[in-house]
Amino acid sequence: MLNVVIFGAPGSGKGTQSELIIKEYALDHISTGDVLRGEIKGETELGKIAKEYIEKGQLVPDELIINMLAKVLDSKKDSKGVIFDGFPRTIPQAKALKVMLNERGTDVSVMIDLQVEEDELIQRLLKRGEISGRSDDNLETIKSRLDVYHNQTAPLAAYYVEEGKHKAVKGMGTIEDIFGRIKVAIDGAK
Ligand code: AP5
């Protein structure tokens, strides 16, 4: 199986590039942000809890996210591979993912770390907020999401360097050019 973790700050292009990766490599896509927004829309118990965290730009607690991810993964049993978008975001999540994949006889193949300058991240998210109305795309929440990213999520890069899975990819420029760089990184890991 080809299991790709797509990693990067809010607005770094994880969702955008996931769409292209799925088409090229016929992978399943798991975006924890999308799953959570679905739970919020469905007004489930998890959705009610998640909404409070998402609107403040904070991470939903690990235990809830890990249980949610395990269920989604169970629904992808016949998959050729999965792209994990927005998960893991903490060291406990990364360790849990390793256990879940190992239990299924597989592992993370590569972690793509999209690198984008902070000013550009903010501009992209403000622009998306204007168009889509996503409730966490306002300046105050964006700043909180970026702080959370630097403090809690960025340290995961070192975890994947240790695992020998980390590939840094420049995430600035055209979507097509970035995808070209991602393909080189994925093909090198296959
Ligand atoms: P999530 O939905 O994962 O949001 P995020 O990480 O903040 O990422 P975004 O979706 O904002 O950005 P992206 O990197 O996917 O960029 P995109 O391609 O959309 O999570 C939301 C919240 O859910 C979290 O804050 C947290 O509360 C919770 N959560 C989720 N997962 C969790 C977990 N594992 N643990 C705990 N809590 C969790 O691009 C952004 C914009 O830029 C788009 O408009 C796009 O068109 C544009 N764009 C993309 N590429 C380019 C380019 N090359 N040039 C110009 N514009 C571009």
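1. Let's start with the core of this predicted model. Its largest nonpolar core has 30 residues, and Val-4, Phe-84 and Ile-112 are those with the most contacts inside it. Two or more residues each come from β1, α3, α4 (62-74), β3 (82-85), α5 (91-103), β4 (110-115), α8 (156-162) and α9. In soluble globular proteins, nonpolar side chains tend to be buried together.

2. Not counting residues up to four places away in sequence, Val-4 touches Ile-21, Leu-27, Ile-83, Phe-84, Ser-109, Val-110, Ile-112 and Ile-186.

3. On the overall fold, the chain has nine helices and five strands, and along the sequence they follow the pattern β-α-β-α-α-α-β-α-β-α-α-α-β-α. The radius of gyration is 16 Å, close to the 16 Å that the globule rule gives for 190 residues, so the chain is as compact as a globular protein of that length. The C-alpha trace spans about 40 × 40 × 30 Å along its principal axes. Of the 190 residues, 31% count as buried. Among contacts with a separation of 6 or more, 75% join residues 24 or more positions apart.

4. Now for the ligand. There are 29 residues around it, and Pro-10, Gly-15, Thr-16, Gly-33 and Gly-86 come nearest. The elements giving two or more residues to this shell are α1 (14-25), α2 (32-41), α3 (45-56), α6 (118-132) and α9 (175-189). By type, the shell divides into eleven nonpolar, twelve polar and six charged residues.

5. The UniProt record, an unreviewed entry, places the feature "binding site" at Gly-11, Ser-12, Gly-13, Lys-14, Gly-15, Thr-16, Arg-128 and Gly-173. Two of these annotated positions, Gly-15 and Thr-16, are also among the residues that come nearest to the ligand.

6. Gly-11 lies in the loop between β1 (4-8) and α1, and is buried because 26 other C-beta atoms lie within 10 Å. Leaving aside neighbours within four places in sequence, Gly-11 is in contact with Leu-121, Arg-124 and Leu-125.

7. Arg-128 sits in helix α6. With 14 other C-beta atoms within 10 Å, Arg-128 is partly exposed. Not counting residues up to four places away in sequence, Arg-128 touches Arg-134 and Asp-137.

Technical notes: Residues numbered from 1 in each chain as written. Predicted model: local features only at pLDDT ≥ 70, side-chain atom pairs only at ≥ 80, totals over all residues. Near = placed C-beta within 6 Å. Helix = DSSP H or I, 4+ residues; strand = E, 2+ residues; numbered from the N terminus. Nonpolar A, V, L, I, M, F, W, Y, C, P; charged D, E, K, R; others polar. UniProt positions renumbered as here; feature names shortened; annotations may be inferred. Buried ≥ 20, exposed ≤ 12 C-beta atoms within 10 Å, placed from the backbone. Contact = placed C-beta atoms within 7 Å. Core = buried A, V, L, I, M, F, W, Y, C linked by C-beta atoms within 7 Å. Rg over C-alpha atoms; globule rule 2.2 N^0.38 Å.
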